[in-house]
Amino acid sequence: MENVTALSDEALITRLQRGAFSYFTAHSNPRNGLVADTSREGSPCSIAVVGFALSCYPVGVRNGWISREEAADRTLAALLFFMQSTQSDQPDATGYKGFYYHFLDMQTGKRVWQCELSLIDTALLIAGILTAARYFDGDGAEIQIRALADALYRRVDWRWAQNGTETISQGWKPECGFLHYGWEGYNEAAILYVLGLGSPTFPLSESAYKTWGLTYQWENLTGTDVLYSGPLFTHLFSHAWIDFRGIRDDFMRKKHSDYFENTKAAIALHREYGERNPRDFNGYCRNFWGITAGDGPSGQDLRIDGRDQRFFGYMSRGVPCGPDDGTIAPWAMLATLPFNAEAALEGVRHMLDRYPQVCTQDRFASGFNPTLIAGGRGWLSEGWYGLDQGLLAMMIENYRSGLIWEIFRSSPYVRAGLKSAGFEGGWLQS
Amino acid sequence: MNGDPIPRKTKPNDSKLYARRVRPQGWQNPPAESIYDFAVLGAGPAGIAAAEAAARLGVRVALIEQDRIGGNSLNAGSIPSKAIVKSAGVYAAMHKAEKFGAPMPSEPPLDFVKVMERMRRIRTRVSEHHSAEKLSALGIDVFFGAARFESRNALRIGDTQLRFRKALVATGARPRESEIPGLNDVGYLTSATIFDLETLPQRLAVIGGGPLGCEMAQAFCRLGPRVTIIQNDPKFLPREERDAAEILSRSMARDGVEIRLNTTVVGARAANGAKILQTVNNDVKHEIETDEILLSIGRVPNTNGLALDSAGIALDDKGGIKVDDFLRTTNPDVYAAGDACMDLKFTNAARASALIAVQNALTEGQERQSQLIVPWCTYCDPEIAHIGLHVWDARRQSIPVKSFTIMMHDVDRAITESSGDGFVKIHIAEGTDQILGATIVASRASELINEMSVIMSAGIGMAGLAKIVHTYPAESGAIMLAALAYTRDRPCKTNT
């Protein structure tokens with residue numbers, strides 16, 4: 001990669017945003033609209049990545065990277081697939097109760113890997129579908145997009161996902177029913193709850209969001225007050241769609257804060273952690289951070305500089321409690337652009353200067369570990385992950401134009417969900 | 001004195017000495033008094049504490065034990081497990097010595113027989129504190145045998161009837177039995193039997209990720225066997241907060257323990273001299289081959305055979321003895337304490353509750369168990385300790401709560417010790433300096449949590465805690481740093 005750090009800030013982020021966006025045109029199946037989880041050979045589709053793709057198509061149109069017609073065609077293909085694919089409790093279906101299996105075959109659209117019916121990934125898909133519904137406000141195919149999107153959203157039985165309890169399970173399998181895992185503590189699930197509460201057909205119970213909130217931990221960490229969650233992505237995912245600036249639920253009203261400010265606090269914590277580098281990893285500093293979910297060197301124990309170091313594969317890493325094996329997600333710093341542009345740009349420039357290999361074809365790898373030296377260089381994840389590219393493209397756009405936030409703010413379902421969760425103030429009042 | 005209170009040589013008569021203290025051979029039960037002021041069933045931590053406290057009040061006390069004095073804590077719980085944890089910790093430290101500039105010249109050997117001998121010596125030594133002889137010397141009539149209630153104010157041990165004015169049921173708890181098909185046939189260890197092992201198995205499977213299961217999984221893994229721990233829940237130590245449980249999970253994995261979370265054991269069978277556990281993780285079936293199995297899925301109160309109905313004593317919905325806040329059973333002359341009636345099945349909770357019961361039974365006291373502030377600890381590496389409310393407890397009670405968190409990797413003493421895994425979290429009622437609870441994950445959390453116990457019992461808040469001078473460097477410095485963070489968060493007003 002040429003020396004992109006010589007570019008101006010705007011030129012740099014535009015180039016990296018375009019690189020991220022291009023993942024979706026390069027790794028999708030135009031026939032059914034499905035998008036690959038990763039760029040690796042044989043990767044299945046991740047429904048969450050489809051949600052990001054659907055949200056990124058308007059970004060591509062706005063920036064002139066694809067035509068509105070192409071964006072509409074890609075969107076319509078995906079929506080038609082999800083509407084027409086099999087919904088049943090059979091193991092090889094595509095979804096059930098309006099939810100979808102996490103991973104689908106790129107060609108047939110059927111469930112693969114015996115994976116779970118994923119509630120959060122369905123929520124991310126639905127977020128993309130609702131983005132499309134609001135963006136495509138024209139005639140012709142765009143009418144069909146709106147109708148399909150509305151039908152797909154209305155079909156999701158969020159109440160069923162509560163399984164008779166006050167909270168939501170993380171998933172379901174035809175082989176064993178609901179998974180044990182629940183949502184404990186603040187994390188990326190805000191969008192799941194908002195979309196679930198906004199449903200006019202099968203909404204979550206009103207107490208669901210409040211019950212989840214009982215597990216929140218408001219902490220003072222290294223002098224910063226923050227609604228704690230370790231992995232950086234948990235402070236970003238819901239924010240890719242929902243503009244949390246100035247709107248507050250009951251929890252944040254009592255803290256005199258909001259979730260946007262909270263993400264800023266979390267970013268400060270991550271930078272501070274990078275600077276302190278308590279586990280003495282290579283590279284960590286105030287401009288090299290971004291510990292989150294992502295690919296890693298895989299489970300191996302090595303003795304490095306006389307100490308045992310355990311490395312993990314793809315997993316959710318966090319700050320400050322860990323896990324932390326010296327792996328950062330190279331895309332993560334730039335994805336914080338709307339919250340702290342200075343930190344994001346300083347960080348990404350530092351990283352590109354020092355470790356240019358983290359960015360190939362203008363796309364950031366999922367994971368990079370400069371402590372684990374492989375071939376004379378730090379360990380680098382192979383290829384690219386769709387989630388990373390989608391989040392980055394959306395966050396850069398939100399920073400630049402607020403496009404996705406604006407689209408999502410206009411959705412009556414989103415407004416209803418936020419109000420049902422107890423959000424007030426800011427743009428919700430208008 | 002070399003500072004080691006434990007005899008270094010194995011004494012052949014240790015086992016006899018131990019037996020003489022906890023269950024003397026040929027013991028003659030004393031002739032029963034016409035009526036006892038206080039009869040105590042069970043000579044575990046609660047029963048011993050109660051009997052001794054009652055004896056100090058000058059009343060006539062009968063203490064009845066069916067098995068061994070000391071209960072689970074001494075014989076098959078706290079003491080033997082901690083002895084093994086220590087040996088495992090030393091052995092693990094030898095493997096990490098290189099990090100401290102002291103590389104081992106070769107793989108250090110392990111003598112498991114000596115590990116177990118040390119454990120037994122320690123148990124013998126601790127048994128001396130409350131031996132049958134010593135209890136008798138306090139004026140307590142010690143009876144060995146199975147007791148049952150005959151009426152609301154009478155017990156029977158064999159041919160002997162014991163009448164009482166007040167009684168305490170402190171019969172403790174026992175390991176929960178297996179309902180796993182086939183497990184009884186292949187055989188398994190529990191906390192009651194694992195400390196009788198004479199040889200180190202090559203492979204050990206631990207079913208249950210509670211405190212004892214985690215402690216033994218990590219300790220045995222450090223001693224050499226391939227250990228797999230299987231936990232039904234998505235995390236270990238369901239009573240603890242997620243970050244604490246996850247730090248423990250990673251620590252065990254680093255030691256080499258194979259972790260199977262969210263996994264249920266659905267069957268067991270024997271094959272080719274090995275034991276096979278059949279497991280299901282969601283819908284994925286798997287088999288684990290092992291040599292020994294430790295079943296550690298909780299404890300159930302010992303109430304069988306007591307004929308509680310005869311005394312009008314009811315059970316609660318968990319099978320424990322039903323008590324009110326004053327630890328009084330449904331028979332107003334009978335109280336209960338410890339594992340037999342409490343959710344917190346810990347030695348310190350048992351002792352504390354016993355003392356409350358004695359006060360209420362014999363001195364017309366009105367002490368409440370709900371007022372107890374009970375810290376607890378899981379003795380893994382790092383240790384995980386807690387006291388008071390968890391955040392979710394407070395929030396369910398609509399108490400706005402804020403936590404002041406100090407990571408151990410930011411604490412100077414922990415840095416010098418290379419023991420930076422963990423944290424101190426102090427939970428306060430937001431807007432006040434009132435401490436609601438604390439969670440500590442640290443190499444010596446069992447000690448640090450006691451500072452929080454003192455602070456909370458004394459009603460000292462965060463502002464007061466910040467003024468307490470601590471030694472430096474010390475891991476407890478994390479507690480002070482949390483309090484100082486509080487003062488920075490709420491700076492004092494000045495007159496300037």
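Tutor: Gladly! Rings of Phe, Tyr and Trp, the last by its six-membered ring, pair if their centres lie within 6.5 Å. In this predicted model, that rule gives 45 aromatic pairs over all chains.

Student: Why is the pair of A:Phe81 and A:Phe82 called edge-to-face?

Tutor: Their ring centres are 5.0 Å apart and their planes stand at 75 degrees. Planes over 60 degrees apart count as edge-to-face, so the pair gets that name.

Student: What makes A:Phe82 count as buried?

Tutor: Buried means under 20% relative accessible area. A:Phe82 has 0% relative accessibility, so it counts as buried. A:Phe81, at 12%, counts as buried too.

Student: And why is the pair of A:Tyr209 and A:Phe423 called tilted?

Tutor: Here the centres are 6.2 Å apart and the planes are at 50 degrees. Stacked needs under 30 degrees and edge-to-face over 60, so this pair is tilted. The pair links distant parts of the chain: A:Tyr209 is in helix α7 (residues 206-213) of chain A, and A:Phe423 is in the segment after α15 (412-420) of chain A, 214 residues apart.

Student: How do you know that A:Tyr209 is buried?

Tutor: The value for A:Tyr209 is 7% relative accessibility, and the cut-off is under 20%, so A:Tyr209 counts as buried. With 3%, A:Phe423 counts as buried as well.

Student: Which aromatic cluster holds A:Tyr209 and A:Phe423?

Tutor: One whose members include A:Tyr186, A:Trp212, A:Phe244 and A:Tyr259.

How values were computed:
Residues are numbered from 1 along each chain as its sequence is written. Chains are lettered from A and ligands numbered from 1 in the order in which they are written. This is a predicted model: local features need pLDDT of at least 70, side-chain atom pairs count only at pLDDT 80 or more; totals for chains, interfaces and linings use all residues. Side-chain values use heavy atoms; hydrogens and water are left out. Buried means under 20% relative accessible area, exposed over 50%, partly exposed in between (1.4 Å probe, protein chains only). Helices (H or I, at least four residues) and strands (E, at least two) are DSSP runs, numbered from the N terminus.
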